[in-house]
Structures are given as structure tokens and as C-alpha cells.
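Me: I am new to this structure and would like to learn how to read it feature by feature. Could you take me through it slowly?

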Amino acid sequence: RVLARHLVGAAGQLGGFPVLSRTSVRSFCKIEASVASKLTEALGASNCVVEDRSGGCGSSFSILIESEKFRGLTKLKCQRMVQEVIREEIAQWHAVSIQTKVPE
């Protein structure tokens, strides 16, 4: 399961973001790991990348999530699904970028 990723390198790319394999578990930032875990569990994500874009202060994040549950849905609906899962976390952030994908 992918918990979090905020360092460049390792096992491949997903939409331009570096990712770890599903079986790799690495905990970098507590917030990143918590958010990635919640999203993976709630949305059955095959890949989930949560990256602190604020230089470590935890105010701006980018999220890339890939889930079969997004199949056939609009981009807006997918993003709302993600936002619903992490509503409390988003309320504490300055900015968040969400990219959703359907597994190929």
C-alpha cells in the first residue's frame, strides 16, 4: 500500500509524479501518511501519492490518486469524492491540488 511519497526517485512514475509500488510502505511526513492511508482505504486506491508542496510546513499539498471507483465519473465528481474523505484535513490547509485517475 502506498502511504506517502515526497522524495524524488524510486519505482516509476504516475502522471509525472514519482510513486512507490503498492507493497512498499514508507512513512515520511505524518500528515502525508495519514491522508494517503485514509484515501487508499476509503476509495480503494491502487496508487496514492500525497506530497507536501509547502517546503515541510504542511500548508499546501498535492494529491494524485488512482482508483477504479473513478471509472465513468466526471473529474469534478472524482475530486469531490476525494475532498469528502479528507474534509477535516483540507480545512486546515492553505492549498490542495487533486489529480484523479482510473487504473489502465
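**Reading the model, step by step**

Reply: Let us begin with His94, whose place is in the loop between α3 and β5 (95-101), where helices (H or I, at least four residues) and strands (E, at least two) are DSSP runs numbered from the N terminus. Please keep in mind that this is a predicted model, in which local features need pLDDT of at least 70 and side-chain atom pairs count only at pLDDT 80 or more, while totals for chains, interfaces and linings use all residues. Residues are numbered from 1 along each chain as its sequence is written, and side-chain values use heavy atoms, with hydrogens and water left out.

Me: Is His94 buried or exposed?

Reply: Buried means under 20% relative accessible area, exposed means over 50%, and partly exposed lies in between (1.4 Å probe, protein chains only). With a relative accessible area of 71%, His94 is therefore exposed.

Me: How many helices and strands does the protein have, and what pattern does it follow along the sequence?

Reply: There are three helices and five strands in the protein, and reading along the sequence gives the pattern β-β-α-β-β-α-α-β. Of its 104 residues, 40% count as buried. Taking contact to mean heavy atoms within 4.5 Å, we find that 53% of the contacts between residues at least 6 apart in sequence join residues at least 24 apart.

Me: How do I describe the way helix α1 and helix α2 cross, and what is the angle?

Reply: Two packed helices are described by the angle between their axes and the distance between the axes. Here helix α1 (residues 30-43) and helix α2 (residues 75-85) have axes that come within 10 Å and cross at roughly 120°; such axes are lines fitted to C-alpha atoms, for helices over the stretch in contact, and angles run from 0 to 180 degrees between N-to-C directions. Angles under 35 degrees count as roughly parallel, over 145 as roughly antiparallel, 65 to 115 as roughly perpendicular and the rest as oblique, and α1 and α2 are therefore oblique to each other. Their crossing is right-handed, a word used if the near helix is turned clockwise from the far one by less than a right angle, with anticlockwise giving left-handed.

Me: Which residues of α1 and α2 meet?

Reply: On the α1 side they are Lys38, Leu39, Ala42 and Leu43, and these meet Met81, Val82 and Val85 in α2. By class, this contact has six nonpolar residues, no polar ones and one charged residue, where Ala, Val, Leu, Ile, Met, Phe, Trp, Tyr, Cys and Pro count as nonpolar, Asp, Glu, Lys and Arg as charged, and the others, Gly among them, as polar.

Me: Where is Glu89, and which residues is it in contact with?

Reply: Glu89 sits in helix α3 (residues 87-90), and because its relative accessibility is 15%, it counts as buried. Leaving aside neighbours within four places in sequence, Glu89 is in contact with Val35 and Lys38.

Me: How many residues does the largest nonpolar core have?

Reply: A nonpolar core is a set of buried Ala, Val, Leu, Ile, Met, Phe, Trp, Tyr and Cys residues joined through side-chain atoms within 4.5 Å. The largest one here has 17 residues, and those with the most contacts inside it are Leu39, Ile63, Ile65 and Val82. Two or more residues each come from α1, β3 (45-52), β4 (60-67) and α2, with α1 giving the largest share, four residues.

Me: Where does Ile65 lie, and which residues does it touch?

Reply: Ile65 lies in strand β4 and is buried, with a relative accessible area of 0%. Not counting residues up to four places away in sequence, Ile65 touches residues including Leu39, Leu43, Ala45, Phe70 and Val82.

Me: Which strand holds Ala45 and Ser46?

Reply: Ala45 is in strand β3, and Ser46 is found in strand β3. Ala45 is buried at 2% relative accessible area, whereas Ser46 is partly exposed at 23%. The C-alpha atoms of Ser46 and Ser67, 21 residues apart along the chain, are separated by 5.7 Å.
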